[in-house]
Amino acid sequence: EHPAILNALPLAARLGAEATIVGVDREGRVDPAAVEDAVRLLEHAVVLLEDTTDHPTRIDMHGLLALARLARNDLAAAERSAREAAALIAKTSPPTVYPQYLGYAAVAETFLALLRQGGSDADAKRALRNLHTYRRIFPIGRPQAWRHQGSYEELRGNRRKARRSWEKGLASATALGIPYEKDLLRRLLAR
């Protein structure tokens with residue numbers, strides 16, 4: 001993860017937040033028990049934030065909850081969480097703080113996964129448009145925006161556009177020093 005996120009965790013803990021870093025194995029798989037812990041914590045965070053006007057944090061929590069629910073193959077719940085985040089994004093666009101990339105990217109990733117299962121192309125396109133709006137304002141979002149755009153192009157059968165998007169993402173991840181994104185994009189380009 002990018003140092004800007006990791007370095008914020010101690011401050012969040014001092015302010016009373018509970019943070020869980022979920023590791024992955026060599027293949028990028030997450031332990032199912034860790035996913036259940038993450039879902040529990042994110043559901044709690046969503047309830048706590050329900051009555052606040054802190055839309056950036058709410059976007060992140062709903063987006064991350066969508067991904068966690070997706071990881072446990074609860075597609076209906078993942079879609080509900082992604083729609084909650086997408087509604088908040090629509091209400092507060094353009095993005096105002098850089099950590100929102102977690103939520104913006106999570107919504108795109110969730111709707112792309114749902115598209116693979118027969119979900120809405122319009123939802124995926126809207127989520128990608130929002131993520132590209134984010135990356136134009138905050139460079140940290142470039143690698144994920146291009147990675148997800150490439151995945152969308154691949155789903156649409158346009159391998160050439162997919163490769164171009166992934167190459168842009170790799171160049172951005174390299175320039176920004178985001179090794180996780182670099183590795184993901186290299187793997188996509190190597191397929």
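A residue is taken as buried when its relative accessible area is under 20%, as exposed when it is over 50%, and as partly exposed in between. In the predicted model described here, Val-39 has a relative accessible area of 2% and is therefore buried. This residue belongs to helix α3, which covers residues 32-49. Leaving aside residues up to four places away in sequence, Val-39 is in contact with Leu-65, Ala-68, Arg-69 and Arg-72. Of these, Ala-68 lies 29 residues from Val-39 along the chain, and the C-alpha atoms of the two are 5.8 Å apart.

The chain as a whole contains 10 helices and 0 strands. Read from the N terminus, the order of elements is α-α-α-α-α-α-α-α-α-α. The chain has 191 residues, 42% of which count as buried. Among contacts with a separation of 6 or more, 57% are between residues 24 or more positions apart. The accessible surface amounts to about 10400 Å², and carbon and sulfur atoms contribute 53% of this area.

Charged pairs were examined next. Side chains of opposite charge can pair when their charged atoms come close. In this model the number of salt bridges is 11. One of them joins Asp-123 to Arg-83, with 2.5 Å between the closest N and O atoms. The two partners are 40 residues apart and come from distant parts of the chain, Asp-123 from helix α7 (residues 121-137) and Arg-83 from helix α5 (residues 75-92). Asp-123 is buried because its relative accessibility is 7%, whereas Arg-83 reaches 37% and so is classed as partly exposed. Both residues also take part in a network of salt bridges that includes Glu-79 and Arg-126.

A further salt bridge is formed by the side chains of Glu-181 and Arg-147, with an N to O distance of 2.8 Å. Glu-181 is located in helix α10 (residues 179-190) and Arg-147 in helix α8 (residues 142-155), so this pair ties together parts that are 34 residues apart in sequence. Each partner falls below the 20% limit for a buried residue. The relative accessibility of Glu-181 is 4%, so this residue counts as buried, and Arg-147 is likewise buried, with a value of 9%.

The salt bridge between Glu-167 and Arg-163 has an N to O distance of 3.9 Å. Both residues lie in helix α9 and are 4 residues apart, so that about one helical turn separates them. Glu-167 has a relative accessibility of 42% and is therefore partly exposed. Arg-163 is also partly exposed, with a relative accessible area of 30%.

Technical notes: Residues are numbered from 1 along each chain as its sequence is written. This is a predicted model: local features need pLDDT of at least 70, side-chain atom pairs count only at pLDDT 80 or more; totals for chains, interfaces and linings use all residues. Side-chain values use heavy atoms; hydrogens and water are left out. Helices (H or I, at least four residues) and strands (E, at least two) are DSSP runs, numbered from the N terminus. Buried means under 20% relative accessible area, exposed over 50%, partly exposed in between (1.4 Å probe, protein chains only). Contact means heavy atoms within 4.5 Å. A salt bridge is a side-chain nitrogen of Lys or Arg within 4 Å of a carboxyl oxygen of Asp or Glu. Accessible areas come from the Shrake-Rupley method with a 1.4 Å probe; for residues, only the protein chains shown count as cover.
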